[in-house]
Amino acid sequence: MADADFTDALHPQASPGYGKRSAPQQEPRGRQDFAHLPDREAAIAAYVDRLPEGSDISVKTLAKHLPYGQCALRTALNRIQRAGHLRRGRECLGGRWITRTWFTRTPRDSGWWAAFQQGDVPREAKSSTRSRAYILLAALGRTNSVLSLSHAECRGLAPLVEEWFDRDATEDDVLRALTVGLPQPVHHPAGLVRRRLTDKVPPLPVRRTPAPLRILECGTCGVPGYADTLRDGDCGPCRGEGPALPSPRTLPAARVVRARAAEIRGRLEQLRT
């Protein structure tokens, strides 16, 4: 990652409810976070990454704190967007639609952003070696010697334990399911563990909060749309695909927002019935 000697100490906050919002499930910060970007874009992305939540990251404000003009910043932010680090859109909070700019130091593809728009962010792939699940399985033999497993068996069973964790189960829940009421003798520990992890898997967790109402916007023309049609953050017409859409001036964003909100309300009503 290109090092940038920019100070963010005096960078202003946006109005309450606006400004930078960090996307979930980011990797820890490292020196190679933006190495895939050109130097200018890497420096700007690193600067935005260090800013606290709610910071004003509009082009006009960034131009006051970085040695680039508004035109250069607009181009750079669009490139950062296409690399998967940034999306713009709106989110409904308390019945009010708020403009949002989401940022992630970990680049995301269009599929991830589409899931994020629906409030269903896909979980990151987990390593099958020395993961939390692997460690739990490897320690079973110390809890009860008849459940001693080999390295290969731990690796093979770890995804089943990960599924328990994905369903909000704790390590104690898994251990209880695996160790209570064991038959005597245990002839095949790995088979018994697999059977119990499969047969006793808990139900899917109930969503504790309703899915967020979000609409992402094309990074070039600003027209709202479904995230799965915004490849790398741009709509089809801006990518040169298909007929041009009406400009935001002839198609008010509020109309699109209301239509999207009505569709979501219809879906919620279907779920309730």
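**Helix packing and sheet pairing in a predicted model**

Helix 4 (residues 110–117) lies across strand 2, strand 3, strand 4 (213–217) and strand 5, at about 145° to strand 4. The model is predicted.

Student: What makes helix 1 roughly perpendicular to helix 3?

Tutor: The axes of helix 1 (residues 39–50) and helix 3 (residues 70–82) cross at roughly 85° and come within 9 Å. Angles of 65 to 115 degrees count as roughly perpendicular, so helix 1 is roughly perpendicular to helix 3.

Student: Which residues of helix 1 and helix 3 meet?

Tutor: Helix 1 brings Arg40, Glu41, Ile44 and Ala45. From helix 3 come Ala72, Leu73, Thr75, Ala76, Leu77, Arg79 and Ile80. The residues of this contact divide into 7 nonpolar, 1 polar and 3 charged.

Student: Why are strand 1 and strand 5 called edge strands?

Tutor: The open sheet has 5 strands in the order 1-3-2-4-5, with mixed pairing. Strand 1 (20–22) and strand 5 (224–225) each pair on one side only.

Student: How do you know that strand 2 and strand 3 pair?

Tutor: Pairing requires at least two bridges. Strand 2 (residues 86–93) and strand 3 (residues 96–103) have 8 bridges, in the antiparallel sense. Glycine 89, for instance, has arginine 100 in strand 3 as its bridge partner.

Student: Which strands does helix 3 lie across?

Tutor: Helix 3 lies across strand 2 and strand 3, and runs at about 80° to strand 2.

Notes:
Residues numbered from 1 in each chain as written. Predicted model: local features only at pLDDT ≥ 70, side-chain atom pairs only at ≥ 80, totals over all residues. Heavy atoms only, no water. Axes fitted to C-alpha atoms, helices over the stretch in contact; angles between N-to-C directions. Helix = DSSP H or I, 4+ residues; strand = E, 2+ residues; numbered from the N terminus. Parallel < 35°, antiparallel > 145°, perpendicular 65-115°, else oblique. Contact = heavy atoms within 4.5 Å. Nonpolar A, V, L, I, M, F, W, Y, C, P; charged D, E, K, R; others polar.
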